[in-house]
Amino acid sequence: MASRNDVAVSPGAGNVGRDSARVEISGLTKRFLTPAGEVFTALEDVSFTVEPGQFCAVVGPTGCGKSTTLSMVSGLDRPSEGSVTVGGREVDGVADGVSFMFQTDALLPWKTVLGNVLMGPVFRGVPKQQAQASARDWLRRVGLTGFEDRYPHQLSGGMRKRVAMAAALINEPKILIMDEPFGALDVQTKAIMSTELLGLWEQIRPSVIFITHDLDEAVALADRVVVMTSSPGSVKAVFDIDLPRPRGAVQEIRFQPRFIDLQHQIWETLREEVERAYARTAGGTA
Ligand SMILES: Nc1ncnc2c1ncn2[C@@H]1O[C@H](COP(=O)(O)OP(=O)(O)O)[C@@H](O)[C@H]1O
Ligand SMILES: [Mg+2]
């Protein structure tokens, strides 16, 4: 088992009622109606648990239902069968204490960097001055001091990700849901952002569900890696990642023998699913 007592949880919102941050996905099945009127099963009997404060990565071939799973954890969609509970309560809408990060930035183009980051606390009723101070603090933590008055289009892709990260973390979420958040970045920027995400996560320790198709990224970041089968998605295997924390630079951890060993084991499991998914789409277009 991966240990999660090796990093102290900072005092604050993340520390209150830690069990409220447990995510349990149980027998989750999702069917969609296709435009032709047929039933398409996207997910079939998916079960796994994310313990409070755990960093859980989910990998699987394109189209296996990773984003669909997240939409039910976040309360944006309902299961056809099975359930998702957060802190023992069934999810029935977008819950408090949950923050999101997606591949495309959810920044408002007409608001400044500061304006984007302070939206969360303002919506929660935090007085404006306090929200501003907190937003400045989070922008400092993500290395964007001096960029408060810029607009999103004046930033690089990596900088926009930093803003999105500050906007997600300023709410000190119990649960952080990330769907390929760094998928559109170049390899070097992605590694830098992953390292920074780990550092910030270690400070507030939300439970994380992190979707990625990048196995190296999953192993470098996570306590646990869930491998999904090709469509209809189900859980093929779960791996505990026993690399010590704090992990430090994501670029360097990749050279450790234990990293290579885990990466290899997981790839052996994943390869078959990727090949199956590829064969299906290739067959479909032939
Ligand atoms: N709203 C929807 N209606 C019909 N089919 C959908 C819908 N959302 C997703 N799907 C299908 O479900 C499958 C899984 O999609 P998705 O969860 O986006 O996969 P992943 O994120 O793993 O790439 C895909 O075949 C996709 O086309
Ligand atoms: Mg997806």
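## Strand β2 and D45

D45 sits in strand β2, residues 39-50 (helices, H or I of at least four residues, and strands, E of at least two, are DSSP runs numbered from the N terminus). Its phi is near 55 degrees, a positive value in a residue other than glycine. With a relative accessible area of 51%, D45 is exposed (buried means under 20%, exposed over 50% and partly exposed in between, using a 1.4 Å probe and protein chains only).

A word on the basis: this is a predicted model, where local features need pLDDT of at least 70 and side-chain atom pairs count only at pLDDT 80 or more, while totals for chains, interfaces and linings use all residues. Residues are numbered from 1 along each chain as its sequence is written, chains are lettered from A and ligands numbered from 1 in the order in which they are written, and side-chain values use heavy atoms, leaving out hydrogens and water.

## Other backbone features

E180 also has a positive phi, near 45 degrees. This residue is in the loop between β7 (175-179) and α6 (187-204), and at 14% relative accessibility E180 counts as buried.

Two cis peptide bonds deserve a look. One joins S231 and P232, with omega about -5 degrees; P232 lies in the loop between β9 (224-228) and β10. Another runs from R245 to P246, with omega near -5 degrees, and P246 is in the loop between β10 and α8. For context, most residues other than glycine have a negative phi, and most peptide bonds are trans.

I241 is found in the loop between β10 (235-240) and α8 (250-253), and it is buried at 1% relative accessibility.

## The largest pocket

About 600 Å³ of space lies in the largest pocket. Here a pocket is an open set of points on a 1 Å grid over the protein atoms alone, where a 1.4 Å probe fits, with protein on both sides within 12 Å along at least five of seven lines; lining residues have an atom within 4 Å of a point. The volume is the space filled by probe spheres set on the points, which are joined across faces, edges and corners.

Its lining has 23 residues, with S99, F100, A167, A168 and N171 nearest the centre. Strand β6 gives the largest share, five residues. Domain 1 (1-97 + 175-286) and domain 2 (106-172) both contribute to the lining, so the pocket lies between them (domain bounds come from an automatic or database assignment).
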